[in-house]
Amino acid sequence: MASAGPVCGPISSFSRVQILHLVQSRADRTIGELCEATGLHANTVREHLQRLIDGGYVIAQIERRATRGRPRTLYSAATGAPGASSPVAREKAKAAAVRGDIMRRIVPGAASDLGPAADNQLDALIEHLEESGFEPVIDGTRLTVELTPCPHAAARPEDRPVLCQVHLSLMQGVLAEAGGPLTASCVRGEQSECTVHLSDTRAQLVDAGGVTHGMA
């Protein structure tokens with residue numbers, strides 16, 4: 001088995017993972033809240049947040065307040081949902097789709113049976129995972145993404161659940177930003193083994209008569 005590559009991207013430091021976990025669990029976090037929860041200095045928190053904003057994983061907005069005083073900057077996870085979309089993430093998803101479409105025109109049979117929208121989602125997901133130090137192998141039939149060997153296998157066992165949850169949320173955000181029927185449902189693994197399971201929301205749109213909608 002090949003050795004895991006270096007950890008990079010948004011989850012390259014556990015301090016950044018802690019911050020991501022906090023903004024994913026609740027929106028509109030302040031610097032003070034993040035400092036108190038992580039024990040990090042305010043300048044360190046700001047540095048991590050700026051890296052996450054630059055990567056398209058966190059969005060910042062100025063607090064709206066009716067009282068006097070300097071408005072605070074509030075930080076939330078970029079989930080790809082309306083009102084929680086990062087301009088950086090949007091551009092990354094569009095660029096990944098363009099590159100993927102070019103490849104599919106050049107390479108016969110490169111397109112999956114999932115349709116153009118799902119293919120563009122997979123383009124964005126692959127680029128995100130490669131940016132984060134993974135070597136993803138996607139099975140479009142089983143709707144799985146094999147990430148073995150996991151770069152986080154060497155992490156402390158007590159940190160792995162948070163790492164996995166944060167990265168699952170990041171993948172969900174990437175898929176939502178790209179727009180399409182696929183969602184990341186769960187991450188399953190043990191030690192260095194890791195597999196992401198995807199869900200096709202079209203398969204869930206089945207009425208009582210057994211008719212599936214939205215498959216076109």
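Glu63 counts as buried, at 16% relative accessibility; buried means under 20% relative accessible area, exposed over 50%, and partly exposed in between (1.4 Å probe, protein chains only). Its side chain meets that of Arg72 in a salt bridge, a contact defined as a side-chain nitrogen of Lys or Arg within 4 Å of a carboxyl oxygen of Asp or Glu. The structure holds 10 salt bridges.

This is a predicted model, where local features need pLDDT of at least 70 and side-chain atom pairs count only at pLDDT 80 or more, while totals for chains, interfaces and linings use all residues. Residues are numbered from 1 along each chain as its sequence is written, and side-chain values use heavy atoms, leaving out hydrogens and water.

**Glu63 and Arg72**
- The N to O distance in this pair is 2.7 Å.
- Arg72 is partly exposed, with a relative accessible area of 43%.

**Arg104 and Asp101**
- These two side chains form a salt bridge at 3.0 Å, N to O.
- Arg104 and Asp101 lie 3 residues apart in helix α4 (residues 87–106), so about one helical turn separates them; helices (H or I, at least four residues) are DSSP runs, numbered from the N terminus.
- Arg104 is buried at 17% relative accessibility, whereas Asp101 is partly exposed at 30%.

**Glu158 and Arg156**
- In the salt bridge between Glu158 and Arg156, the closest N and O atoms are 3.6 Å apart.
- Glu158 is exposed, with a relative accessible area of 51%, and Arg156 is partly exposed at 48%.

Conventions:
Helix = DSSP H or I, 4+ residues; strand = E, 2+ residues; numbered from the N terminus.
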